[in-house]
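Trainee: I am new to this one and would like to go through it with you. Could we begin once it is on the screen?

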Amino acid sequence: MSHVIEMLGIRKEFPGIVANDNINLQVEEGEIHAILGENGAGKSTLMSILFGLYQADKGVIKVRGKEVSIKSPNDAFDLGIGMVHQHFQLVHNFTVAENIILGKEGGFVYDIKSASKKIKEISKRYGLEIEPDMVIEDITVGMQQRVEILKMLYRDADILIFDEPTAVLTPQEIDELMTIMKNLAAEGKSIILITHKLDEIKRVAKRCTIIRRGKFIGVVDVATTSVNEMAAMMVGRPVSFKVDKAPKTPGEAVLEVENLNVLNNKGVLGVKDFSLSVRRGEIVGIAGVDGNGQTELIEAITGLRKIQSGSIKFLGDDISSLSIKERNEKGLGHIPEDRQKRGLILSFPIASNMVIKDFDKAPFSKNGILDKDAIRKYSQEIVDKFDVRSGEGIDSLAGMLSGGNQQKAIIGREVTEDPDLLIAVQPTRGLDVGAIEFIHQAIVAQRDKGKAVLLVSFELDEIFNLSDRIAVINAGRLIDIVKTEDTDVHDVGLMMAGIKAEKKEENK
Amino acid sequence: MKNKSTKVINKPLQAKKVPSFLVSISAVILGVIAGSILILIIGKNPIVGFERLLFGAFSNKRRIGNTLSMSTQLILMGLSFSFAYKTGLFNIGGSGQMLMGGIVSTILGHYLPSSLPKPVYIVIVVIGALAIGGLWGLIAGFLKAKFNVHEVVSSIMLNWIAYWLVYDFIPRFVKDQAIAVKSKPLDFSRTLGLEWLRKATGMSTLNLGFLFAIIACVVIWFILEKTTLGFNLKAVGANKYCAEYAGIKIQKSIMISMAIAGALAGLAGLTYYCGYSNLMEMGKMPNEGFDGIAVALLGNCSPIGVFFAAIFFGALKMGKGSLAATGIPTELADTIIATIIYFTATSVIIASFWNKIYKKRYEKKKAKLEGEEKK
Amino acid sequence: MKKTIALALALLLCFSVFAQGAAETKTETPALKVGMVTDSGTIDDRSFNQGTFEGVKKAAEEFGLECTYLRPSGTTTTDYVTAITDLYDAGYRFIACPGFLFADAVAQVQAMYDDLMLVIIDDALSAGIGANSVAVVFKEHESGFLAGLATALKLEEGSVGFLGGMEIPSVQKFNWGFQQGVIYANENYGTKITMDPSNFVYSGSFADIALGQQIANTLFSKGVDAVFCAAGTTGVGGLNETKNRALSGENVWAVGVDVDQYYEGDLGNGKSCILTSAMKDVTGVAYDMVKAAVEGKFPGGTLLTLGVADDRAGIPASNPNLTPEIEAKVAEVAALIKAGTVVVRDNGAGLIK
């Protein structure tokens, strides 16, 4: 089979770092080809070179067997290469048709009628289910993504690059996308899928190119390679995905939220009549699409946000009127959603960040005077134990650390406090497999020690992997709480869309 | 450290970063060069010009004394701005806090019984100036903390309230019969001046205030570097979201920070109006509030940097008269100061200039190493 | 710590580079050098600073002397003393100090240097005039009187107002003189000019253009036909308001202060809204003093109180807005003041504020 794209010996250097070092990529016509690598492995750089955003320092690019020089995205378009970005580039109050012909009007007078016709045709052919006169702001995120795909197809692209396309989608939407990708491939389009999610590769890709730290590791045939093998190639060592978790009987309730109502930033109720309890020795995962009240709920429990009504009991006492500090001191640990905004002071060294909650207590200070030695000793312990890597150890500024190491530092700080309740919000967002594994183990270790853990994640894998019980939130309401072993991704996905499991049964 | 390759991946673009003092020095040198060019343009000799500037600032005991005395309030105002700045606040209200410190000190100076021993008297006026300045800063801090009124807006308004209060208080409490727009001059014994110091420095205005300024530098340095209070305030300044998350009371921190900044400015009012000068004028907003910002920026908001930056500014201010007496317009000396402020305010550009040089060097070194490897 | 020490060293280094230049000493020229220190305003304030420097410069050019001015870094006594000593150290032996703000500084410096001739304008040096100093004050009430007279004669009937700076003697004397001039015209020339106490306002500032404009606006809105603006920069705001109203066709006038402010009220068509100005002839005084110093007749140790009789106070000899008849009448009254027949009081007894 002929190679529609060949990138041979690609090298790209940025000051101080080799982003791509002698990388090869060969994509066959009509193939779904995955590129797998950790964050920062060089996937995006490679695709940016193919798309004309960067020029390679060395190497050859061949499209349909002919050597080409791609100097800009326009060159890429002309070669039939299209890219579906992670962040959609759509005008929100324009219709689908208007967005698609935007920048491609052709002449002075644009012909929206024939454009609409073409859009309908493409939509039907690939099963996109998009109508040209839909307005972008009225349609779902999944549909917006399909508009992006349509845009590429409209411009006659036959090589499509998908950059982490499932990050913003619900499980059902992911299913739909997978189907569409298969349709596209069946129609002869070639697809490059950039991702770090192995199950997606397993589901759609034919072959997979693996990159680690800028270097080409290998190409594997997906059907004959196990997920664990691919993961090991990506990380450079064997990784386990299933966190070892012994069954455990939960103890007394640590956190009891009852009939909680919380306003969101727009001044309307973001959390509505929400009740939940978390017991010792269990992890409760909150599943839901981003923006359904998770942030407000967690901020209310941790004290960052005022509540309207209801109660929050911690170890039997109502803490809803306590200050943040008092809650922390009572034994509430919090791995915040945004590690750079809330979790760390990026311009402070690691050492200071490790005592940000306790600097005013012994042994870190006495009579208002800081004890730098005690602080250094304590933070060194955390850094060692949690393998926080940085240039200058505890003196490195937090902002100089990689995302994974920042997160390890935060988790180290929170876990070392040994809180009765650990709240972890999106603890592995944007991290690579190695770091995820480490963080998952740390969270489970808390549970195994008999502490309560409340986990919020938008990644269903993570929720299923860690949680003993899953609470599904939609539009600020608790849809249901289920035991992990009694449910599956499909049911939770429906609940995330607001449809309760019993209803489904009734419909049957 | 443990893993070399990880380190490189984790820290891209890790060429050396420019140290802040180099930025400050560059700012000063660029300012001086720009000043020299200006002097050349009007057909004078820049060497002679700067010689006169230094002559004016340092040529004899009296001039050195006056330079230090002039620098005193700049140190305190620079510290005031820096302290608030470290907490993420922009204290542009230094002038008003200084005026309040000045008027309270002046009134105390006139109304406290002359039988009071000088040390006791000094302690009282220092406390008075600190307290009123602190109160003035606290008001802005309170408005920010409770009602989210931006401190720039409220402190500018407080500047004018102070201005008009002084305008009212001078004729009401300390009126000078001879000159109606000034307060009655304080007797030397009621200023911060010391007889022996005045004599030792050829009748300069150098006074106890300079000692206070040094003490303030040390205390502020200590607070910022060694205490939980400093940690607390710096955390709020560096990332208030993280500070809030960590349980630090942001509103309280803002008020404390503004109060301390205000107290420093209040003390500057004491040293200026009852040390450098011996009276207050009606209808005069002190420039030091704004000079203090420039001093803080040039000194990189660190107490020691502020100290030297203030002496540099003080020398410019004191020396520019001699510069002008050679026929170079005084406005030129102001232009030099303005140029330096300009270069400091745009220190980001200077810093990126240096960083670029470092990066080039780094790349060259690297290319050389790689070339050798290939051989 | 290390960084800051390095900073200090580097600073010292750059100072020492320049300090090398200091080693070359210049030979002192024995010729008299004349200087001036500005007060809180700038050298181009069209008032005291500018007026005085014009006099100093005129004399310096005439006698071939070196002359310059200095702007102190602040307005405290120390700043003034520093500026004066800066000039002294640069070889200046005659220094004019325009403004009462210099009082303390002159008092200090006159004790420091025996060979320095100091002139302070607008202050009587109540603490004592040194043997080498001259204090010059003006009879503001006399210029105010003539300005009030001219204004009344021009308007014939209507209302006048006053925009003052701070409520201090020199400004008050202008005000009181002005009122006496208006009353004199009403009594002796049959004019019907009214003066409402609410139209006599002290703004409290010499430096607030916007405030001056606002006050003038209020006064004109209340029906005042001419405003006497004796408020420095604040007064300029008053003049601007008058200019704006005159440009939009209103028949309103302003009276200037200190120097002839005719051109401040320039309407751009060759006309001006400045009716007249209550002047203190600082230019003349400065010229006289330099001349006296050159000729060795410097009247050290004396207080000069100058008025209409000395031709150092009054209104400009001519202003296109005044008819020759009015100017003649004003000249008549000025002669009477010179002769002592008409006495203008320098206090506010029976007058507004």
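This is a predicted model: local features need pLDDT of at least 70, side-chain atom pairs count only at pLDDT 80 or more; totals for chains, interfaces and linings use all residues.

Trainee: Which residues touch the most other members in the largest nonpolar core?

Mentor: They are I84(C), L146(C) and F228(C), in a core of 220 residues. Helix α12 of chain B, residues 250-276, gives the most to this core, with 14 residues.

Trainee: What does L146(C) touch, leaving aside residues up to four places away in sequence?

Mentor: Its contacts are V308(C), G314(C), I315(C), V330(C), V333(C), A334(C) and I337(C).

Trainee: And how many residues are in the second, separate core?

Mentor: That core has 51 residues, including A97(A), L150(A), L169(A) and A205(A).

Trainee: Let us turn to the rings. How many aromatic pairs are there over all chains?

Mentor: The count is 29. One of the pairs is F169(B) with F173(B), an edge-to-face arrangement with 5.3 Å centre to centre and 70° between the planes.

Trainee: Why are F169(B) and F173(B) separated by about one helical turn?

Mentor: Because they are four residues apart in helix α7 of chain B, which covers residues 151-173.

Trainee: How exposed is each of them, F169(B) and F173(B)?

Mentor: F169(B) is partly exposed, at 21% relative accessibility. F173(B) is also partly exposed, with a relative accessible area of 34%.

Trainee: What about F312(B) and F313(B): what kind of aromatic pair do they form?

Mentor: That pair is edge-to-face, with 6.2 Å centre to centre and 75° between the planes. F312(B) has a relative accessible area of 5%, so it counts as buried. F313(B) is buried as well, at 2%.

Trainee: Which residues do ring pairs link into a cluster?

Mentor: The cluster contains F162(C), F174(C), F178(C), F200(C), Y202(C) and F228(C). You have met F228(C) already, in the largest nonpolar core.

Trainee: Where does the charged end of R198(B) sit?

Mentor: It sits over the ring of F188(B), 3.8 Å from the ring centre. In chain C, the charged end of K33(C) sits over the ring of Y92(C), 4.9 Å from the centre.

Trainee: Now for the tyrosine. Is Y342(B) buried or exposed?

Mentor: Y342(B) has 52% relative accessibility, so it counts as exposed; the cut-off is over 50%. Y342(B) lies in helix α15 of chain B, residues 330-345.

Trainee: How far apart are the C-alpha atoms of Y342(B) and G31(B)?

Mentor: They are separated by 8.3 Å, although the two residues are 311 residues apart along the chain.

Notes:
Residues are numbered from 1 along each chain as its sequence is written. Chains are lettered from A and ligands numbered from 1 in the order in which they are written. Side-chain values use heavy atoms; hydrogens and water are left out. A nonpolar core is a set of buried Ala, Val, Leu, Ile, Met, Phe, Trp, Tyr and Cys residues joined through side-chain atoms within 4.5 Å. Buried means under 20% relative accessible area, exposed over 50%, partly exposed in between (1.4 Å probe, protein chains only). Helices (H or I, at least four residues) and strands (E, at least two) are DSSP runs, numbered from the N terminus. Contact means heavy atoms within 4.5 Å. Rings of Phe, Tyr and Trp (its six-membered ring) pair if their centres lie within 6.5 Å; planes under 30 degrees apart count as stacked, over 60 as edge-to-face and the rest as tilted. A charge sits over a ring if NZ of Lys or CZ of Arg is within 6 Å of the ring centre and within 35 degrees of the ring normal.
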